[in-house]
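I opened this entry to get my bearings in a structure I had not seen before. My notes follow in the order I looked things up.

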Amino acid sequence: MNPSTCGHVYVVDDNPDIRFYLTDLLRQMGYSIEGYDSAQAFLQQSIDIFPAVLVLDVRMPGMSGVDLQEKMKSLGRHTPIIFISGESESEEIIRAMKGLPIEFLWKPFQIQDLIDAIDRGLAVDGANRQDFIQKNEIRRKWLALSARERDVFVLMLAGHTNKGISERLDILPDTAKKHRANILQKMQVPHLADLMALCKGLDMEALG
């Protein structure tokens, strides 16, 4: 049951026996661990680490696990969550599942089921982190383009030729060609196909 992916696990559970058992076991298995006795303590003390997974009790005094899930989303913290619960009302379960947790485990659960969920969560968080880094890098390059180059950029992605770009922007075809070359150089891609692949699925308006 060795962890297949190195990573960090937050354990938030107001039951000290469960919290100490899980943190000790997971630490022995090679994960880095932080344990918290409440959702409030997690919010006040935890540091955003990548890749990481949050093992979270559903029912706790004060702020519940589901409340914490929703609070994290509002704060822009997207650490994957594994809910653990001894008892939950259907409304709690529905709210929890709307947040798309990695897993929902009922106590007492099999440790291997928890390990499998943790490793899935770490893989998701790692992929999300790479996606975040890539989008930030694209945005940095986009902001280095001039206003005119951004206009040409958008038309390039829409599949317009140099002639089509020149007509739409009222510039010479040769000028459109030069803008295209500058854009590819600044975006650090050799061809238009590479640029289109790089920006696939991106909301260009959100880049600034």
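I note that the model is a predicted one.

Within this pair I checked valine 11, which stands opposite glycine 35 in E2.

I then looked up the whole sheet. It is open and has five strands in the order E2-E1-E3-E4-E5, with parallel pairing. Strand E2 (32–36) and strand E5 (103–106) stand at the edges; each has a single partner strand, so one side of each is left without a neighbour in the sheet.

Next I asked which strands helix H1 lies across. Helix H1 (residues 16–28) lies across E1, E2, strand E3 (52–57) and strand E4 (81–85). The helix runs at about 170° to E2.

Last I picked valine 53, found in strand E3. Is valine 53 buried or exposed? Its relative accessible area is 0%, and buried means under 20%, so valine 53 is buried.

I listed what valine 53 touches, not counting residues up to four places away in sequence. Among them are His8, Val9 and Tyr10, then Thr79, Pro80 and Ile82, and also Ile118, Gly121 and Leu122.

I also looked up arginine 27, which is 26 residues from valine 53 along the chain. The C-alpha atoms of valine 53 and arginine 27 are separated by 14 Å.

Conventions
Residues numbered from 1 in each chain as written. Predicted model: local features only at pLDDT ≥ 70, side-chain atom pairs only at ≥ 80, totals over all residues. Heavy atoms only, no water. Pairing = 2+ DSSP bridges. Helix = DSSP H or I, 4+ residues; strand = E, 2+ residues; numbered from the N terminus. Contact = heavy atoms within 4.5 Å. Axes fitted to C-alpha atoms, helices over the stretch in contact; angles between N-to-C directions. Buried < 20%, exposed > 50% of the residue type's maximum accessible area, 1.4 Å probe, protein only.
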